[in-house]
Amino acid sequence: MEFTERDIAEREQLNRELALARELALAIGTAETVDHAMAVTLRQICHTTGWVLGEAWVIEQDQLLLASVWNEGPEALDRFAAGLTGTTVPLGTGLPGHAWSTKKPVWMRDVASDPHFLRAPLARKLGLAAGMAVPVMSGHVVAAVLVFFVTEPREEDEHLIHLVSGVSAHLGSLVRRKQAEEAHRRSEEQLRSIADTAVDAIVSADAKGTITYVNRAAEEIFGFSYIELMGKPIKTLMPERFQPAHDRGFTRFLETGEQHIIGKRVELVGRHKDGHEFPVEIALASWSAGGETFFTGVLRDITERRKAEQAMRQSDQLKTALLRSVSHDLRSPLTAIVAAGESSASPNLSADSRREVASVIVNEAARLSRLVDKLLDLSRLQGGAAPPRQVACSIEEIIQVALEQTTGEDQFELDVDDQLPGVLADAIQLERAFANLFENAVRFSRGEPVTVGATVLDGCLVVTVADRGPGIPAEDLDRIFEPFYRRADDSGTHHGSGLGLAIVKGFIEANGGSVWADSASGRGTTFSVQLPIQRPGTAADSTEVR
């Protein structure tokens, strides 16, 4: 059987088209983007079939957008392509819009004379004739339209339409895959954005207990960077003493599915990068993906909440103690003043008795005034309304002023070193602190001398106040600075309002110092106050601490 030149040419064309189909299927399957795949498709189809112009229209906001053009023709078509890129057409309009609306290939024998072709004048000017449009389907939805032109009129070519439709099917698969990937990427970005802007820490780990994700809040709360935590054991974020229990619980859940804290909100202890521990509230969940188990914890640093709860408890305790103090300590001097006032009104009262009654009124009023001052001092300290105004102070002068405010000044023995350095502090607050400390010592000294010493020790100024009273049991030493806690003397009687030592502690610590007590039952008590020394070059003028 002999083949004509036409037969040979058709066979060669068929082979080229088959090669084209294989080549495009491979190129489209490995393309990184839809735009790149469409550009390759236009170029290869035009090159193989001899069609001079190819266009790729994509769906953009309910319109077709001319995204890519390929030209195998004269220079004029280059200008045609450059001028039209970015053009949009609505559904059902023109050659690409008609293919979009019908979801079927559309053939025009001669676009230059077809009334439905919107660019007919331009097509005549450039010498374009036949045109075809093939929809690229992504499932049941048109994702794009491929349009091709040639320079001579042609009758509909089913073979060519079938070839381009086959290529379009590969493009449609790519579009579906890329759309799914893009949707997944957007979803991941959205979730990551939500997680990264969350106030609470979010930490995920795999079935080996290895951290796979942390958000920004977790970095801030635990002090580790994202890089430092990725791939590290989850127990990096917990104190060592809790890690064995974590390992046991982790293993138990993976082996048996038994849950103790998963699915619940519990309070645990976290460990910061610098080693300090802090309370956390955690809600832990488990989930599966790809046959593997993962865990995600949402954690919140509840340090401030704990402080607020403690402050609330202390406030409630203070209110209760204050009511108790008002009902007893304030009423006692008021009762004495009222009784003395009523007695002073008696016409039969002698001059000596009146002086005695007046002395009672004055003394009880002074006692009442001191108690009110202490309540106000404690209230300001509790409310943070007593910031110190620091100036260069002489500790000798502060001690002397405090002694002058104390009843029984002659009971004190001073053992103060010469030429002590100054302190940078609020002089008035220190005077009130030492006055309360001296008053406390006199109350429990049983008439014996109270020794006040001052010296420099380990770079700090240390003032000691030692009485020879009944002492304080070891179990009570930690409580004596609590508001309204009262010491008992050797007879078991409780003295004072229970405010003085709390005020001492508050004012001393507000000025950067510390106070503590050493005592043995029956052998007296020594209170020690440690204050920072004013360093050379420190401004001596008033400086408010912020």
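Modeller: We start with a definition. A charge sits over a ring if NZ of Lys or CZ of Arg is within 6 Å of the ring centre and within 35 degrees of the ring normal. Bear in mind that this is a predicted model.

Colleague: What makes arginine 43 a charge that sits over the ring of tryptophan 70?

Modeller: The charged end of arginine 43 is 5.9 Å from the ring centre of tryptophan 70. The limit is 6 Å, so the distance passes. The charged end of arginine 43 counts as over the ring.

Colleague: Why are tryptophan 51 and tryptophan 107 called an edge-to-face aromatic pair?

Modeller: Two values decide it. The centres of tryptophan 51 and tryptophan 107 are 5.5 Å apart, and the cut-off is 6.5 Å. Their planes make 80°, and over 60 degrees counts as edge-to-face. The count of aromatic pairs comes to 6.

Colleague: Why does the pair tie together parts apart in sequence?

Modeller: Tryptophan 51 lies in the loop between α2 and β1, and tryptophan 107 lies in strand β4, so the pair links parts that are 56 residues apart in sequence.

Colleague: How do you know whether tryptophan 51 is buried or exposed? And which is tryptophan 107, buried or exposed?

Modeller: Buried means under 20% relative accessible area. Tryptophan 51 has 1%, so it counts as buried. Tryptophan 107 has 15%, so it is buried as well.

Colleague: What stands out in the largest nonpolar core?

Modeller: That core has 40 residues, and Ile395, Phe434 and Phe438 have the most contacts inside it. Elements giving two or more residues include α12, α14 and β18. α13 gives the most, with 8 residues.

Colleague: Which residues does phenylalanine 434 touch?

Modeller: Leaving out residues up to four places away in sequence, phenylalanine 434 touches Ile395, Ile398, Ala402, Val463 and Val529. Phe434 also forms one aromatic cluster with Phe412 and Phe438.

Colleague: Which residues of α14 are buried?

Modeller: Gly500, Leu501, Ala502, Ile503, Val504, Phe507 and Ile508 are. Just after α14, glycine 512 takes a positive phi of about 80°.

Colleague: What makes β7 and β8 a pair?

Modeller: Again, at least two bridges are needed. β7 and β8 have 3, and they run antiparallel. Serine 204 has tyrosine 213 in β8 as its bridge partner. The open sheet has 5 strands in the order β8-β7-β11-β10-β9, with antiparallel pairing. Its twist averages 35° from one strand to the next. Helix α9 (residues 243-256) lies across β7, β10 and β11, at about 140° to β11.

Technical notes. Residues are numbered from 1 along each chain as its sequence is written. This is a predicted model: local features need pLDDT of at least 70, side-chain atom pairs count only at pLDDT 80 or more; totals for chains, interfaces and linings use all residues. Side-chain values use heavy atoms; hydrogens and water are left out. A nonpolar core is a set of buried Ala, Val, Leu, Ile, Met, Phe, Trp, Tyr and Cys residues joined through side-chain atoms within 4.5 Å. Buried means under 20% relative accessible area, exposed over 50%, partly exposed in between (1.4 Å probe, protein chains only). Helices (H or I, at least four residues) and strands (E, at least two) are DSSP runs, numbered from the N terminus. Contact means heavy atoms within 4.5 Å. Rings of Phe, Tyr and Trp (its six-membered ring) pair if their centres lie within 6.5 Å; planes under 30 degrees apart count as stacked, over 60 as edge-to-face and the rest as tilted. Axes are lines fitted to C-alpha atoms, for helices over the stretch in contact, and angles run from 0 to 180 degrees between N-to-C directions.
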